[in-house]
Amino acid sequence: MIQTENLGKRYGRFDAVAGLNLKVAPGQVLALLGPNGAGKTTSMRMIAGFLRPSSGRAVVCGHDVVRDPIAARRALGYLPEGAPSYGELAVAEFLNFAARVRGLTGITGARRMDEMVERLQLQPVLAQTIETLSKGFRRRVCLAQALLHDPPALILDEPTDGLDPNQQREVHALIRGMARDRTIIVSTHALDEVRAACNRVAIVAHGRLRVEGTPAELEKRSRYHHAVSFRAPASALARELLARQPEVETVEVDPVDGRVTVFPRDSGEIFSIVVKLLEEQRVRVEELQLERGRLEDVFRQVTDEAFEETAVAA
Amino acid sequence: MSTHASDIVDHAGRGRAFRGVFLRELHGYLITPVAWLFAVIFLLSAGAFTFYLGAFFERGQADLDPFFRFHPWLYLVLVPALAMRLWAEERRSGTLELLLTMPIRPWQAVVAKFLAAWLYIGGALLLTFPMWLTVNYLGHPDNGVILASYIGSFLMAGAFLAISECLSVLTRSQVIAFILALAVCFLFLLAGDPLVQQPLLALGSNRVADALASLSLLAHFQAIARGVLDFGDVAYFALTIVFWLAANVLILDARRGG
């Protein structure tokens with residue numbers, strides 16, 4: 001369980017994070033989204049105990065991160081932004097160091113180390129100095145450090161940044177596999193990562209939490225929710241007719257691939273209406289799809305609103 | 001809820017985090033060129049100064065005074081060079097975030113780093129033993145004085161080290177850390193010297209001048225090097241070390257709030 005209550009960080013007159021309330025339970029993987037500078041990393045640093053909050057508090061597995069820092073850190077695995085590690089050490093030496101500091105020694109420590117090396121495929125570079133490794137390997141080395149003590153709570157700041165698609169999939173599978181009884185917070189810019197590994201989403205902008213919910217709930221807020229898109233070589237008349245339907249808000253054509261998207265009014269169900277009309281007009285449809293909603297769209301919407309809000313406030 | 005390895009972790013083993021950092025630091029000295037450079041330059045210049053500037057043979061006396069006389073000046077340059085990376089490098093590379101989010105208290109990290117570096121310098125100091133063998137082969141020196149001098153030299157290195165480590169936490173640039181440490185160490189070394197005393201006396205602040213004079217590292221080292229392991233002198237070095245390490249912990253901690 002990771003919980004924040006009114007968590008805030010203030011630099012001079014600038015609120016990097018303000019009044020952040022989060023409650024992430026075991027089994028939940030929360031994706032922390034937001035534009036650069038939104039306060040994601042600052043929030044994570046406060047929960048991890050690197051920065052001291054200016055207001056509010058953060059609790060990791062029942063331990064207040066300020067009043068009971070050692071117990072909170074024991075319960076937490078943390079991958080800092082940029083995945084730092086001691087470049088002059090070999091991978092095995094670095095993991096040994098992390099294990100020793102975490103009190104993982106003897107057989108338990110060795111077994112955990114083997115497990116991490118196998119799952120993150122570090123075997124080929126174990127004896128190599130970290131500074132000679134590629135970005136992908138370095139990230140996985142630091143990830144191994146975060147997972148080594150099998151913590152019940154995890155905070156991963158951009159875990160797949162710099163990884164190739166295969167490695168990304170591997171890390172997503174790793175996160176999903178660990179999710180069952182753990183509390184995990186992941187920050188990311190890759191929205192497909194949210195669908196691949198997370199079951200909750202929080203969008204922050206300008207230091208404040210804007211939206212929170214399951215990915216499906218957020219997708220509902222998108223104007224693409226319940227929209228119908230199709231591809232048809234000749235559909236000018238059908239588009240015209242569709243746009244006149246009372247249930248339809250608007251019809252858009254993608255200038256690049258010619259895909260037609262029909263947006264419903266008030267997120268109504270228009271699939272059957274569109275299908276019926278296309279059949280009546282004998283439009284040869286190559287492909288037809290009911291849209292669930294797009295996170296990209298919600299993300300833009302939410303961050304734009306936040307921007308306007310602060311612009312007005314200023 | 002299943003059992004996590006973190007539950008099994010020995011909660012009584014509180015010293016383990018300290019040991020982990022201490023061993024990593026010590027290991028760092030054995031694999032980085034800077035540390036070996038320190039040892040080699042220290043040994044070479046200690047020898048060269050003793051025989052050339054110190055006129056070890058020409059004096060015709062069986063003691064190590066010309067050897068120890070140059071230690072403060074060697075440490076003045078070499079200890080800040082060895083210690084400049086202690087925190088500056090952690091800050092630059094971001095590993096500070098890693099270290100401070102591990103289950104270790106800031107004072108443990110500060111002391112672990114200090115002890116590892118001090119031990120390393122102590123090792124380099126021990127490697128000057130041929131000097132001691134030489135003087136014993138050539139004559140009959142007072143080995144008590146030599147032992148006291150070694151202890152004084154080691155304590156002085158510790159004081160320089162504590163100052164340098166503390167100043168290293170102020171910046172992410174090793175060069176700035178080095179220059180800062182060099183300047184402050186120099187001030188403390190010569191606190192009793194006319195160079196520092198004259199301007200203060202000229203300003204009419206006799207009490208400040210006196211207070212500063214009593215903080216002179218050089219005076220306390222020379223007192224011990226004469227062979228008198230006085231409690232006051234030893235306490236002076238111990239307090240200097242504790243003071244700067246405590247300041248180091250406070251600055252490190254204050255940075256999290258900022």
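The dialogue below goes through chain B, the interface and some residues of chain A.

Q: What kind of model is this?
A: This is a predicted model.

Q: How many helices and strands does chain B have?
A: Chain B has 16 helices and zero strands.

Q: What box do the C-alpha atoms of chain B fill?
A: Along the principal axes, the box is roughly 80 × 50 × 35 Å.

Q: What percentage of the residues of chain B count as buried?
A: Burial is judged by counting neighbours: 20 or more other C-beta atoms within 10 Å make a residue buried. In chain B, 40% of the 258 residues count as buried.

Q: How do I read contacts by their separation in chain B?
A: Take the contacts in chain B with a separation of 6 or more. Residues 24 or more positions apart account for 79% of them.

Q: How many residues of chain B are in contact with chain A?
A: The number is 33, and they meet 32 residues of chain A. Four elements of chain B give two or more residues each to this side: α1 (5-8), α2 (15-31), α8 (95-100) and α16 (231-257). The largest share, ten residues, comes from α2(B). By class, this side of chain B has 13 nonpolar, 13 polar and seven charged residues.

Q: Which domains is chain A divided into?
A: Domain 1 covers 2-220, and domain 2 covers 228-290. Their centres, taken over C-alpha atoms, are separated by 43 Å.

Q: Where does S235(A) lie?
A: Look in the loop between β11 (228-231) and α9 (236-244) of chain A.

Q: What is the phi of H206(A)?
A: H206(A) has a positive phi of about 50°, although it is not a glycine. H206(A) lies in the loop between β9 (200-205) and β10 (208-213) of chain A. H206(A) counts as buried because it has 20 C-beta neighbours inside 10 Å.

Q: What is the phi of H226(A), and where is this residue found?
A: Phi of H226(A) is positive, near 70°, and this residue is other than glycine. H226(A) is found in the loop between α8 (215-220) and β11 of chain A. With 20 other C-beta atoms within 10 Å, H226(A) is buried.

Definitions and conventions
Residues are numbered from 1 along each chain as its sequence is written. Chains are lettered from A and ligands numbered from 1 in the order in which they are written. This is a predicted model: local features need pLDDT of at least 70, side-chain atom pairs count only at pLDDT 80 or more; totals for chains, interfaces and linings use all residues. A residue is buried if 20 or more other C-beta atoms lie within 10 Å of its own, exposed if 12 or fewer, and partly exposed in between; C-beta atoms are placed from the backbone. Two residues are in contact if their C-beta atoms, placed from the backbone, lie within 7 Å. Ala, Val, Leu, Ile, Met, Phe, Trp, Tyr, Cys and Pro count as nonpolar, Asp, Glu, Lys and Arg as charged, and the others, Gly among them, as polar. Domain bounds come from an automatic or database domain assignment.
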